[in-house]
Amino acid sequence: MKKVRSFIVGSAILTVTTGAVMSSPLVTFGQNESAGKGGFGQRARMHRFSGGGAPLISIALKHRSELNLSNEQVAGLEKIRTHYQDQSAPLHQQVRGIEGEISQLRQQSPANLIQIKEKIEQSEKFRSELRYLREEALENGKSILTAAQKDQLKSLVGSEHREFRKRQGPTPKQS
């Protein structure tokens, strides 16, 4: 029984420590800068940069004239974006609430690691649902575009990304 309890406590400590380190602004910045091609850090940065929601949909709507979107395509993309935002807002609120609870639990001395682990797992379920909703919105958005529009959108995203990086200044060298 002692070994099981020791294992659970050790796992909880490792989970909390890893979560704290990985959510640190410096680590996140380093990961985002070194993410390279298509990594999660890059997607997260692009997500913030392009206005939230389903960023490719927002970019497509922003560039509707360059993409020659029809009125039906614009209406469809706006409907997908609104649906995504309506579904994701309560989940984001849940995650923020749970993260607040985790923060409160960490302030206790000694911290109840079992409760912290349960809250982390609860938070991850909501994050998983958010990720799925985003993927669903993106796939639905892509289904509205023609192949040529998808190619042009990729080009627009690349150029917006390069402009964003220029405005951010040079990337610190990684050692």
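The chain folds into seven helices and zero strands, where helices (H or I, at least four residues) and strands (E, at least two) are DSSP runs numbered from the N terminus. Read from the N terminus, the elements run α-α-α-α-α-α-α. The model is predicted, so local features need pLDDT of at least 70 and side-chain atom pairs count only at pLDDT 80 or more, while totals for chains, interfaces and linings use all residues. Residues are numbered from 1 along each chain as its sequence is written, and side-chain values use heavy atoms, with hydrogens and water left out.

**Stop 1: colour by confidence**

Colour the chain by pLDDT, the predictor's confidence in each residue, from 0 to 100. The chain averages a pLDDT of 76, and 66% of the residues score at least 70. Next, select residues 16-53, where the pLDDT is below 50. Beyond near neighbours in sequence, this stretch has 47 contacts in the model, a contact being heavy atoms within 4.5 Å. Where pLDDT is low, the predicted coordinates should not be read in detail.

**Stop 2: the whole chain**

Of its 175 residues, 30% count as buried; buried means under 20% relative accessible area, exposed over 50%, and partly exposed in between, with a 1.4 Å probe and protein chains only. Among contacts between residues at least 6 apart in sequence, 67% join residues at least 24 apart.

**Stop 3**

Select α4, residues 55-62. This helix is mostly covered, with six of its eight residues buried. Those buried residues are P55, I57, S58, I59, A60 and L61.

Move on to N68, in the loop between α4 and α5. N68 has a positive phi of about 55°, although it is not a glycine. N68 counts as exposed because its relative accessibility is 64%.

**Stop 4: the nonpolar cores**

A nonpolar core is a set of buried Ala, Val, Leu, Ile, Met, Phe, Trp, Tyr and Cys residues joined through side-chain atoms within 4.5 Å. The largest one has 19 residues; select I57, L67, L69, L77 and L153, which have the most contacts inside it. The elements that give two or more residues to this core are α4, α5 (71-107), α6 and α7 (147-168). Its largest share, six residues, comes from α5. In soluble globular proteins, nonpolar side chains tend to be buried together.

Centre the view on L153. Leaving aside neighbours within four places in sequence, L153 is in contact with L56, I59, A60, L67 and L145.

**Stop 5: the cavity**

Rolling a probe the size of a water molecule over the atoms shows where empty space is left. On a 1 Å grid over the protein atoms alone, a cavity is a set of points where a 1.4 Å probe fits but cannot get out, and lining residues have an atom within 4 Å of a point. The structure holds one cavity of 30 Å³ or more. About 50 Å³ of space lies in the largest cavity, a volume being the space filled by probe spheres set on the points, which are joined across faces, edges and corners.

To display the lining, select L56, I57, A60, L77, L138, G141, K142, L145 and L153. The elements that give two or more residues to this lining are α4 and α6 (113-144). By type, the lining residues divide into seven nonpolar, one polar and one charged. Here Ala, Val, Leu, Ile, Met, Phe, Trp, Tyr, Cys and Pro count as nonpolar, Asp, Glu, Lys and Arg as charged, and the others, Gly among them, as polar.

**Stop 6**

Select Q85, in helix α5. Q85 counts as partly exposed because its relative accessibility is 35%. Q85 and A137 are 52 residues apart in sequence and 9.7 Å apart in space, C-alpha to C-alpha.

S88 is also in helix α5. Is S88 buried or exposed? S88 counts as buried because its relative accessibility is 4%. Not counting residues up to four places away in sequence, S88 touches L130 and L133.

Then select Q122, in helix α6. At 32% relative accessibility, Q122 counts as partly exposed. The C-alpha atoms of Q122 and V95, 27 residues apart along the chain, are separated by 8.5 Å.

Finish at P110, in the loop between α5 and α6. The peptide bond from S109 to P110 is cis, with omega near 0°.

How values were computed. 1 Å grid on protein atoms, 1.4 Å probe; cavity = no way out; pocket = protein on both sides within 12 Å on 5 of 7 lines; lining within 4 Å.
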